[in-house]
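Student: Hi, I have a new structure open and I'd like to talk it through. Can we go topic by topic?

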Amino acid sequence: MSETAREPLLSVRDLRVAFESQSGSREVLHDVNFDIFPGETIAIVGESGSGKSTTASAIIQLLPGTGHVTAGSIMLGDDDLTLRNQAQMANIRGREIGYVPQDPMSNLNPVWSIGFQVKEAVRANGIASGKKEIEARAIEVLKQAGLADAEKRMHQYPHQFSGGMRQRALIGIGLAADPKLLIADEPTSALDVTVQRVILDHMAKLTREKGTSVLLITHDLGLAAERAERIIVMKDGEIVESGPSRLILENPQHPYTQRLVAAAPSIASQRIQAVVEDRGVQSLADVADAAPTLRVRELTKDYKIRQGSFRSEPFRAVDAVSFEIPRGKTLALVGESGSGKSTVAKMVLKLEDPTSGSIEVDGVDVAGLSRKETFALRRRMQPVFQDPYGSLDPMRNIGNTIAEPLEIHKVGDAASRRARVTELLDQVSLPQSLASRYANELSGGQRQRVAIARALALKPDIVVLDEAVSALDVLVQDQILKLLADLQSELGLTYLFITHDLAVVRVAADLVCVMERGKVVEQGTVDEIFANPTEQYTRRLLDAIPGASIPLGGAAAAGL
Amino acid sequence: MSSDLNDPTGVNHYVAPAATTTLVVDAVRVDEKPSNLWSDAWRDLRRRPVFWVSLLVVAIVLLMAIWPTLFTQVAPNNGCELSNSNGGPSDGHPLGFTFLGCDVWSRMVWGARTSLTVGLLATIIGTVIGLIMGAFAGFYGGWLDSLLSRIGDIFFSIPYILAAIVVMSVFSTNRNVFTLAFAIGGFAWASTARVVRAEVLRVRQADFVTASRALGKSRFGTLISHVIPNAIAPLLVITTISLAAAIVAEATLAFLGVGLGSDVMSWGNDIAQAQQSLRVAPMALIYPSIILTVTVLAFILLGELIRDALDPRARARR
């Protein structure tokens with residue numbers, strides 16, 4: 001290959017990073033090696049805790065807390081960055097290496113205007129001097145970042161920008177000084193897929209024009225394969241596999257990479273089925289004769305948005321949404337943030353009252369129920385929420401958390417409740433000894449299992465899964481989706497699955513409702529919608545799934 | 001596929017030896033020590049000498065309050081002889097005598113009971129009022145929040161020493177430990193309420209609160225069983241500090257002459273009475289002041305340490 005003859009721009013050799021704590025030194029990166037060549041985009045892929053972000057912050061010497069490089073070298077040309085002090089690094093950051101942080105919401109200072117913050121970057125990197133020049137350069141930077149009316153936008157504050165616009169501004173700041181290398185740490189993880197696509201396209205265009213190398217940090221294998229020429233797969237602070245993107249995805253060699261590739265949901269994936277013979281719902285005709293467990297008709301919700309002191313303006317969050325879920329099936333409500341999907345979930349759970357429309361469970365309208373009947377309804381319908389860190393009470397042990405529904409509904413005595421907790425822990429594949437532990441000892445996936453166990457305690461018919469797997473790593477997500485599928489076939493559960501991720505819909509749902517700004521734009525079976533989306537919006541969503549066009553060879557290789 | 005699998009730079013295809021990594025997804029580690037906020041905090045506290053010193057001081061003062069005869073055999077009131085007025089230390093009277101010829105050490109030991117009782121009672125009253133007001137305001141929101149928060153603001157704007165002076169003047173014929181504790185605690189709850197309200201507002205957003213509601217638990221039940229237990233940690237810290245403040249307040253009111261009657265033994269009264277002979281016998285004022293300061297300091301340090309221990313970020317900074 002000819003490229004091996006080139007000089008690498010950045011060369012990381014035997015890099016070790018450790019964090020100091022009261023209990024001693026803990027090494028989090030073990031002998032990491034890689035090169036980045038000029039003009040190349042490479043991606044580091046890994047789960048949370050794999051050391052991918054630590055690698056990025058080690059390069060620019062912005063390791064959090066007590067982290068420090070203990071061995072190895074980071075060569076930027078002939079310059080070993082590990083030997084540079086903070087003052088020298090400050091010159092390198094921005095000028096030589098640009099950085100785009102993960103969270104656009106917290107990485108812009110809310111008290112200064114966008115223009116001020118861009119100008120600050122321009123000034124700090126010494127690109128321009130003099131008030132006029134700096135101003136002109138800042139406008140240019142924002143224009144390049146894709147903010148068309150940059151002159152006007154300069155004086156606005158971060159809260160007046162959408163997430164996508166903020167990330168554009170941050171990319172602009174990162175590229176302000178024309179660095180040779182841009183490190184982008186999960187630059188679009190907080191954004192909607194369609195916005196993600198636009199932002200990444202733009203970033204790719206900019207860096208290609210300028211010949212900037214990009215180090216992309218991401219958890220999304222599909223995104224990495226689509227955007228980078230080479231992929232580095234990290235696990236527990238080590239590189240397990242690296243090489244050209246296509247090769248890694250089509251022919252993964254390391255067992256871990258194989259599993260990662262197999263678990264990554266994509267459009268090409270199959271519905272996760274507990275029973276192999278059941279082919280799931282393929283057309284609407286299959287479900288026409290089954291009575292719906294949950295029927296939602298013309299559901300509408302208006303909120304009042306306060307405008308100044310006493311005036312308020314109605315805002316329609318959910319607009320005439322109708323759908324039905326047959327017994328034992330899964331319906332996915334898909335949409336981007338602000339599409340009203342979570343509001344529908346809240347109304348179904350009777351945590352919010354609809355403005356108009358009806359929700360029927362087994363033919364009974366839930367709006368007219370008395371207090372007592374509502375209480376009884378709650379036994380039949382249970383939620384699992386998104387944030388695994390917020391959904392369990394940190395002050396209660398796992399056993400009490402799972403037993404709480406039984407206590408509230410006065411089911412059984414203490415002994416039978418204990419037995420039920422044990423049974424539930426078994427059902428979600430958690431060891432029984434966890435009952436006396438607290439939530440903070442568990443990982444996100446394990447917490448989500450506990451949340452599922454709590455939801456199942458009262459043997460409900462309907463489970464509302466509000467982004468229940470969105471915060472989880474791919475392998476864990478795959479595991480939870482399999483668990484949900486097993487439980488569904490075992491207990492005949494009906495799922496209302498709220499998600500923003502169409503790839504997950506493909507593997508987890510039978511029916512799908514696509515929502516946009518409060519309205520259902522398209523609904524049908526997953527097979528139909530994915531094969532032939534009729535609406536523009538659905539098509540855009542499908543196209544935006546990263547790595548949609550790349551065939552995954554991992555499933556066969558891993559034998560899963 | 002490229003041939004060189006050992007090229008670690010990843011230009012060509014590199015695969016790590018498979019044996020180096022285990023492939024159990026999301027394994028549960030139950031062998032580790034159980035941990036939670038409180039046990040972590042305890043492990044942290046246990047290692048800090050200042051914590052043990054403060055705890056020792058608090059324990060000694062508590063012991064004095066419960067069992068004064070353990071520390072002194074001399075009666076604090078009877079047996080005061082004017083011939084001993086402002087006398088220096090003598091056999092059996094290590095800290096000398098007051099203006100009225102009573103034993104200073106004995107009075108300090110016996111005074112601990114009043115000072116601590118007033119401090120504890122006032123703190124309990126203040127904390128309970130603050131907790132109720134703050135929790136209701138934060139959890140229910142809306143007009144109740146506006147109402148309770150404004151009431152809190154009114155109390156916040158009145159210096160509680162001033163308010164206590166007024167209350168104690170009104171109760172001039174009926175001053176006892178309880179009226180004093182009410183006068184202090186009844187006006188010192190506003191800051192507690194603010195902290196509780198902020199915490200409750202934070203906890204209220206958590207999914208487990210919504211989950212509890214979706215289970216059919218009443219709002220009040222959710223507040224009691226989920227929200228308040230999770231909002232209590234910062235309250236604990238305030239409590240230790242307001243305990244210290246209440247002890248000082250008792251002393252201040254006594255010094256101003258609107259505290260408990262002069263027949264009651266308390267550190268505040270000791271200090272107040274010693275001021276008239278400050279020039280001749282300064283030690284009669286200084287000794288009770290020292291025990292007051294040390295006790296208050298011990299409580300405040302304890303509160304600070306507990307706050308640090310409960311905050312993982314503060315722990316990491318050290």
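Predicted model: local features only at pLDDT ≥ 70, side-chain atom pairs only at ≥ 80, totals over all residues.

Student: Okay, sheets. What is the strand order in the open sheet of seven strands?

Tutor: It goes β6(A)-β7(A)-β8(A)-β3(A)-β9(A)-β10(A)-β1(B). The pairing is mixed.

Student: Which strands are at the edges there?

Tutor: β6 (97-100) of chain A and β1 (14-15) of chain B. Each of them pairs on one side only.

Student: How many bridges join β7 of chain A to β8 of chain A?

Tutor: Five. β7 covers residues 181-185 of chain A, β8 covers residues 213-218, and the two run parallel. To see a facing pair, find A:Ile183, which stands opposite A:Leu215 in β8(A).

Student: Which helix packs on that sheet, touching β9 and β10 of chain A?

Tutor: Helix α10 of chain A, residues 255-263. The strands it touches are β9 (230-235) and β10 (238-244) of chain A. The helix direction makes about 105° with that of β9(A).

Student: And the open sheet of four strands, what order does that have?

Tutor: β2-β1-β4-β5, in chain A, with antiparallel pairing. β2 (24-36) and β5 (79-80) of chain A are the edge strands. Each has a single partner strand, so one side of each is left without a neighbour in the sheet.

Student: How many bridges are there between β1(A) and β2(A)?

Tutor: Nine, and those strands run antiparallel. For one residue in the pairing, take A:Ser11: its bridge partner in β2(A) is A:Asp35. Helix α1 of chain A, residues 52-59, packs on this sheet. α1 touches β1, β2 and β4 (67-76) of chain A, and its direction makes about 75° with that of β2(A).

Student: Switching to chain B. How many helices and strands does it have?

Tutor: Twelve helices and one strand.

Student: What share of chain B is buried?

Tutor: 47% of its 318 residues count as buried. Chain B exposes about 15500 Å², and carbon and sulfur atoms supply 67% of that.

Student: What about contacts in chain B between residues at least 6 apart in sequence?

Tutor: Of those contacts, 67% join residues at least 24 apart.

Student: Now holes. How many cavities of 30 Å³ or more are there?

Tutor: Five. The largest cavity holds about 60 Å³ of space.

Student: Which element gives the largest share of the lining of that largest cavity?

Tutor: α16(A), with four residues. α16 (474-491), β18 (494-499) and α17 (502-508) of chain A each supply at least two lining residues. The lining includes A:Arg271, A:Leu484, A:Tyr495, A:Phe497 and A:Val507.

Terms used: Residues numbered from 1 in each chain as written. Chains lettered and ligands numbered in written order. Heavy atoms only, no water. Pairing = 2+ DSSP bridges. Contact = heavy atoms within 4.5 Å. Axes fitted to C-alpha atoms, helices over the stretch in contact; angles between N-to-C directions. Buried < 20%, exposed > 50% of the residue type's maximum accessible area, 1.4 Å probe, protein only. Areas by Shrake-Rupley, 256 points an atom, 1.4 Å probe, with all protein chains shown as cover. 1 Å grid on protein atoms, 1.4 Å probe; cavity = no way out; pocket = protein on both sides within 12 Å on 5 of 7 lines; lining within 4 Å. Points joined across faces, edges and corners; volume = space filled by probe spheres on them.
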